[in-house]
Amino acid sequence: MASTLSPDRLHALSSRFRGDLIHPDSESYDSARAVWNGMIDRRPAAILRCKSIADVQSAVRFAREHELPLAIRGGGHNAAGLATCDAGIVIDLSGMHDVVVDPARRVARAGGGATWGDFDRATAQHGLATTGGAISTTGVAGLTLGGGLGWLMRSYGMSCDNLIGAEVVTADGQLRRASEAENPDLLWALRGGGGNFGVVTTFEFQLHQVSTVLGGMLLYPLTRAREAFRLYRDVAKWAPDKLTVFAGMLHSPDGIPLVAFLVCYNGPAEEGERVIRAIRDFGAPVAGEIGPMPYTALQSMLDAGFPSGLHVHWRSEFVKSIPDELIETVVSAYERVPSPLNAILFEQFGGAVSRIPRDATAYDQRDADFNLVIVARWTDPAHAEENVAWARSLSDAARAYTTGRVYVNYIGAGEAPDRVRAAFGDDKFAKLSAIKRKYDPTNLFRLNQNIPPG
Ligand SMILES: Cc1cc2nc3c(=O)[nH]c(=O)nc-3n(C[C@H](O)[C@H](O)[C@H](O)COP(=O)(O)OP(=O)(O)OC[C@H]3O[C@@H](n4cnc5c(N)ncnc54)[C@H](O)[C@@H]3O)c2cc1C
């Protein structure tokens with residue numbers, strides 16, 4: 001397929017599109033086609049930076065009429081590179097990032113291209129927030145559509161659990177509303193089923209009162225990693241919903257290997273201090289601190305550690321518990337890590353996430369206690385092979401202790417298609433396929449973790 005559009009097609013497109021049309025001859029083409037993962041190098045025929053719902057409708061109809069591959073870009077952070085494509089159309093929503101808050105109803109409406117930074121800034125003005133991702137540059141769209149895990153999920157459920165409505169341009173170019181009252185099957189599918197059902201132009205979220213949290217991170221030498229993870233699994237057993245702790249291994253900017261506790265207590269600092277005493281008692285950290293901070297500060301605390309442009313291979317697996325053997329597997333793998341940019345993280349689930357009925361959303365993994373995330377990152381393409389092999393072999397070795405289920409937003413590039421089914425389970429996959437058939441019978445939206453029409 002040609003990687004450019006013929007002059008006739010370009011003319012036809014520009015006559016009905018009011019946003020920015022970026023094509024291979026445009027000055028901004030290279031910056032516009034780049035996504036967060038620097039390993040992804042695709043050349044779309046056109047990037048349509050939409051300014052309105054009408055633009056999105058024109059773009060969807062154009063791609064359908066001309067049978068072009070169609071990718072949707074929210075925040076562009078998907079590690080598998082799902083926000084772009086070769087020789088097709090990218091609907092880029094980054095220009096549609098407004099967030100409007102109704103403090104009386106505790107509801108926020110966010111454009112399809114908003115980031116969590118946009119979202120949290122707007123809601124924080126009213127002392128409100130909802131569960132969002134832990135890095136402020138990540139897109140509200142992709143993260144919510146796949147589930148959405150973050151610091152507040154044990155208090156309020158995942159991002160998708162707080163999604164109460166959406167406006168969606170479906171494959172026929174129509175704008176549809178999804179809510180409990182209108183197209184409830186579509187809302188159910190958007191709560192975790194990914195970008196399969198159309199282009200979401202507006203997300204509507206339930207908000208909660210959140211302003212200051214007790215948060216931060218404590219860092220210790222990697223030699224203490226085994227005992228740190230044993231403490232972590234104990235803390236997770238009794239942690240109240242207000243406490244969320246992630247624990248992981250990483251290198252400091254000057255190359256020192258470390259183990260870290262990352263903490264959010266969503267409540268008064270004094271109460272939180274009592275709750276986290278066991279973590280404080282682990283000893284004086286070599287770096288980091290925990291203290292009262294605005295929720296927005298916690299939300300951007302990790303941003304500098306996750307810049308865009310690095311080459312990334314990402315794997316993940318849910319685990320029910322963290323036995324000593326799994327601790328040994330991950331720590332010994334990290335002791336042999338080929339790149340200091342690589343990291344391993346356990347994310348704590350449970351709390352409100354586990355109390356929401358399994359049938360309530362397309363998102364499925366409500367009974368796993370942790371998610372194990374393996375992130376390999378490097379700068380020189382020549383180091384790709386050893387880093388990908390490191391992540392793969394650790395993920396294979398860890399599989400003996402995992403549930404075999406995966407978070408759809410963390411499926412890495414090149415993983416087998418059966419991993420998508422593993423994210424939902426056979427029953428939900430079948431239900432999502434049926435909803436897909438209703439809203440996208442020809443699988444126009446297939447450049448995603450795809451659920452083909454049943
Ligand atoms: C640094 C980093 C930190 C992360 N932290 C977290 C975290 O804390 N919690 C968490 O749950 N996940 C996290 N993730 C994973 C994240 O949820 C996924 O990468 C997600 O896909 C990112 O959403 P996006 O909008 O930025 O992605 P994009 O790459 O733009 O899109 C991802 C997918 O969503 C679809 N999509 C995007 N926008 C729309 C839309 N408006 N309508 C319909 N479909 C759309 C795309 O087609 C694509 O399939 C993180 C990822 C990174 C890179």
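Predicted model: local features only at pLDDT ≥ 70, side-chain atom pairs only at ≥ 80, totals over all residues.
**Notebook: helices α1 and α3, then the whole chain**

The axes of helix α1, residues 7-16, and helix α3, residues 53-65, come within 10 Å of each other and cross at roughly 155°. Angles over 145 degrees count as roughly antiparallel, and α1 and α3 are therefore roughly antiparallel to each other. I noted the hand of the crossing of α1 and α3 as right-handed.

Next I listed the residues that make the contact. From α1 they are R9, L13 and R16. From α3 they are S58, R61, F62 and E65. By class, the contact of α1 with α3 has four charged residues, two nonpolar and one polar.

I then turned to the protein chain as a whole. I find 16 helices and 18 strands in the protein chain.

For overall dimensions I took the C-alpha trace, which spans about 70 × 55 × 40 Å along its principal axes.

I also checked burial. Of the 454 residues in the protein chain, 59% are buried; the cut-off for buried is under 20% relative accessible area.

Last entry: contacts along the sequence. I considered contacts in the protein chain between residues at least 6 apart in sequence, and 73% of them join residues at least 24 apart.

Technical notes. Residues numbered from 1 in each chain as written. Heavy atoms only, no water. Axes fitted to C-alpha atoms, helices over the stretch in contact; angles between N-to-C directions. Helix = DSSP H or I, 4+ residues; strand = E, 2+ residues; numbered from the N terminus. Parallel < 35°, antiparallel > 145°, perpendicular 65-115°, else oblique. Left-handed = near helix turned anticlockwise from the far one by under 90°. Contact = heavy atoms within 4.5 Å. Nonpolar A, V, L, I, M, F, W, Y, C, P; charged D, E, K, R; others polar. Buried < 20%, exposed > 50% of the residue type's maximum accessible area, 1.4 Å probe, protein only.
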